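Colleague: I would like to go through this model and ask what stands behind the labels. Please set each value against its cut-off.

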Amino acid sequence: MTGGDKPAEGGTAVRTGVLDGPFNTRQLLRLDEALRVADRSTGLTFSVYIGDLDEPVRGHAEKLHAQLADPDRSVLVAVSPNQRVLEIVTGAVARKRILDREAKLAALSMVAAFGGGDLAGGVISGLDQLATHAGRSGRD
């Protein structure tokens, strides 16, 4: 799911199969709002992938990131709860605005929330931290 997904008839961005995942409707709405806010406030595109990642997991996350509409300006948060893996992939433009140490801090925060059983809250908090580090659009 990305912040740029087109809303369905009812105004909520939904992809086929999304409701079969680990989030309830309320969590999906909160996640969608967090993505929209991150996109709007930074001018970057944030995306979240929840699911198994093929080995090597970093390579799979990078492949997913490369498939985004504008990879250079995109940030992908890929989480595989079953494998207990989290990867944050930033494109060339996004990487200038979100340093590796800042992404690691966001990842640590997410992992702490995941450990407490809060997958949605961890992702939402991580998106907020990444967007805060990226700053306002125009900081390219």
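Modeller: Take Thr-90 to begin with. Leaving aside neighbours within four places in sequence, Thr-90 is in contact with His-65, Ser-74, Val-75 and Arg-95. Bear in mind that this is a predicted model.

Colleague: What makes His-65 a contact of Thr-90?

Modeller: Contact means heavy atoms within 4.5 Å. His-65 is on the list of contacts of Thr-90, so the pair has heavy atoms within that cut-off.

Colleague: Why is Thr-90 called buried?

Modeller: Thr-90 has a relative accessible area of 9%, and buried means under 20%. Thr-90 therefore counts as buried. Its place is in strand S3.

Colleague: Why is Val-111 called partly exposed?

Modeller: The relative accessible area of Val-111 is 45%. Exposed means over 50% and buried under 20%, with partly exposed in between, so Val-111 falls in the middle class. Val-111 lies in helix H4. Its C-alpha is 9.1 Å from that of Val-123, which is 12 residues away in sequence.

Colleague: Now the charged pairs. How do you know that Asp-32 and Arg-36 form a salt bridge?

Modeller: Their closest N and O atoms are 2.3 Å apart, and the cut-off is 4 Å. The pair therefore passes. Asp-32 and Arg-36 are four residues apart in helix H1 (residues 25–42), so about one helical turn separates them. Asp-32 is buried at 4% relative accessibility, whereas Arg-36 is partly exposed at 32%. Together with Glu-33, these two residues belong to a network of salt bridges.

Colleague: What makes Arg-58 and Glu-62 a salt bridge?

Modeller: The closest N and O atoms of Arg-58 and Glu-62 are 3.2 Å apart, which is within 4 Å, so the pair counts. Both residues are in helix H2 (residues 57–66), about one helical turn from each other. Arg-58 is partly exposed at 33%, and Glu-62 is partly exposed at 39%.

Colleague: Which parts does the pair of Glu-87 and Arg-58 tie together?

Modeller: Glu-87 lies in strand S3 and Arg-58 in helix H2, so the pair ties together parts 29 residues apart in sequence. The N to O distance is 2.9 Å, so the pair meets the 4 Å cut-off. At 16% relative accessibility Glu-87 is below the 20% limit, so Glu-87 is called buried.

Colleague: How many salt bridges does the rule give, and what is the order of elements?

Modeller: The count comes to four salt bridges. The protein has five helices and three strands, running α-β-α-β-β-α-α-α from the N terminus. Buried residues make up 44% of its 140 residues.

Note on methods:
Residues are numbered from 1 along each chain as its sequence is written. This is a predicted model: local features need pLDDT of at least 70, side-chain atom pairs count only at pLDDT 80 or more; totals for chains, interfaces and linings use all residues. Side-chain values use heavy atoms; hydrogens and water are left out. Helices (H or I, at least four residues) and strands (E, at least two) are DSSP runs, numbered from the N terminus. Buried means under 20% relative accessible area, exposed over 50%, partly exposed in between (1.4 Å probe, protein chains only). A salt bridge is a side-chain nitrogen of Lys or Arg within 4 Å of a carboxyl oxygen of Asp or Glu.
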